[in-house]
Amino acid sequence: MFADNSATVLPSLRQRRRAAATREIVDAAERHITEHGPHALSLRAVARELGMTVQGLYHYFPNRDALVTALVTKAYDDLADAVTAAVDAAAGEPAARRFLAATEGYRHWAVTHVERFQLLYGAPLRHYEAPAEGPTTQAMRRLSTLFQRELFDGFTTAQLAAADTRALSPAAATHLERLVPHGPEPLPPPATALLLGAWGHMHGMVVLEAFGHTSFVGDHQAEIFRMAMRDLLEDLHRRIPARPPR
């Protein structure tokens, strides 16, 4: 046997210091957003909190868009982590229970971190455009993969292709077939349509609550949300045919 003499290359002191400073800047920007909202993001205020000049901050983030991209990516990742933790806590439960846990994890993170959720799904920041196929896109796809897995767990591709949905136009079906897969395998167009509809229903309810539009429901918002998600799941699964008997 030959010994493996390859050594793990550790980051240099300079690299570690830069990474630590970058984390400090992102943390300070998150605090600023939490206190003042995403549209009030000020590089000058972030730099002032850290005892830096704006020019010094540009050494780590060359412009505002670079910092916003880092903040959006981290928010998506933190949201996906919360959903993952909720699903993991329901490990061993039936697929339906895991999907409901995923939706509740999504809701809880959103209503707990309203300003960061607003950064993701509120009115777009003026003059900001996320980089195409950049880190924000990859982080968003991670969320889509989580929900696709839990929503369709246990169903075959043939079952999903035969889902009872309204007929898609040829152009829409072709477009859905060409979408980049966000889950373990590509979805047939009917299943993609169901996934988008389910996500829109869930996300819409969360947005209404997180942005204060359902405050009239009072302390019962979580209960109403759970009831709606159970109804959504039951209706969607009724649309997917059972496996033929062997």
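## The largest cavity

Phe 99, Phe 147, Leu 151, Leu 195, Ala 198, Trp 199 and Met 202 form the lining of the largest cavity. Two elements, helix 7 and helix 10 (189–210), each give two or more residues to this lining. Helix 10 contributes the largest share, with four residues. By class, the lining has seven nonpolar residues, with no polar and no charged ones.

The model is predicted. It holds one cavity of 30 Å³ or more, and the space in the largest cavity comes to about 40 Å³. Empty space of this kind shows up when a probe the size of a water molecule is rolled over the atoms.

## The second largest pocket

The second largest pocket holds about 270 Å³ of space. It is lined by 14 residues, and Val 72, Leu 119, Leu 120, Tyr 128 and Ala 130 are the closest to its centre. Helix 4 (64–89), helix 6 (114–121) and helix 7 (135–151) each supply at least two of the lining residues.

What is the make-up of the lining of the second largest pocket by class? There are 11 nonpolar and three polar residues, and no charged residues. The lining of the largest cavity likewise has no charged residues.

Arg 116, Phe 117, Leu 119, Leu 120 and Tyr 121 are buried in helix 6. Leu 119 and Leu 120 are also among the residues closest to the centre of the second largest pocket. The cover over the buried residues of helix 6 includes helix 1, helix 4, helix 5 (95–112), helix 7 and helix 10.

## Salt bridges

Side chains of opposite charge can pair when their charged atoms come close. In this model the count comes to 15 salt bridges. One of them joins the side chains of Arg 116 and Glu 30, at 3.0 Å from N to O. Arg 116 lies in helix 6 and Glu 30 in helix 1 (residues 13–36), so this pair ties together parts that are 86 residues apart in sequence. Both Arg 116 and Glu 30 are buried. The closest N and O atoms of Arg 142 and Asp 77 are 3.8 Å apart. Arg 142 counts as partly exposed because its relative accessibility is 31%, between the limits of 20% and 50%. Asp 77, at 29% relative accessibility, counts as partly exposed too.

A further salt bridge is made by the side chains of Arg 141 and Glu 133, with an N to O distance of 3.0 Å. Arg 141 counts as buried, because its relative accessibility of 16% is under 20%. Glu 133, by contrast, is exposed, with a relative accessible area of 51%. Elsewhere, salt bridges that share partners join Glu 30, Lys 74, Asp 78 and Arg 116 into one network.

## The loop between helix 6 and helix 7

Most residues other than glycine have a negative phi. Where in the model is His 127, and is this residue buried or exposed? His 127 lies in the loop between helix 6 and helix 7, and His 127 is exposed, with a relative accessible area of 69%. Phi of His 127 is positive, near 70°, in a residue that is not glycine.

Glu 133 is found in the loop between helix 6 and helix 7 as well. Its phi is also positive, at about 55°, although Glu 133 is not a glycine. Glu 133 is the partner of Arg 141 in the salt bridge described above.

## Glu 150

Glu 150 has its place in helix 7. Is Glu 150 buried or exposed? At 4% relative accessibility, Glu 150 counts as buried, because the cut-off for buried is under 20%.

The side chains of Glu 150 and Arg 149 are joined by a polar contact of 2.7 Å. Leaving aside neighbours within four places in sequence, Glu 150 is in contact with Val 87, Ala 95, Arg 98 and Phe 99. Of these, Phe 99 also lines the largest cavity.

Technical notes. Residues numbered from 1 in each chain as written. Predicted model: local features only at pLDDT ≥ 70, side-chain atom pairs only at ≥ 80, totals over all residues. Heavy atoms only, no water. 1 Å grid on protein atoms, 1.4 Å probe; cavity = no way out; pocket = protein on both sides within 12 Å on 5 of 7 lines; lining within 4 Å. Points joined across faces, edges and corners; volume = space filled by probe spheres on them. Nonpolar A, V, L, I, M, F, W, Y, C, P; charged D, E, K, R; others polar. Salt bridge = Lys/Arg side-chain N within 4 Å of Asp/Glu carboxyl O. Buried < 20%, exposed > 50% of the residue type's maximum accessible area, 1.4 Å probe, protein only. Contact = heavy atoms within 4.5 Å. Polar contact = N/O pair within 3.5 Å; in protein donor to acceptor, adjacent residues only side chain to side chain.
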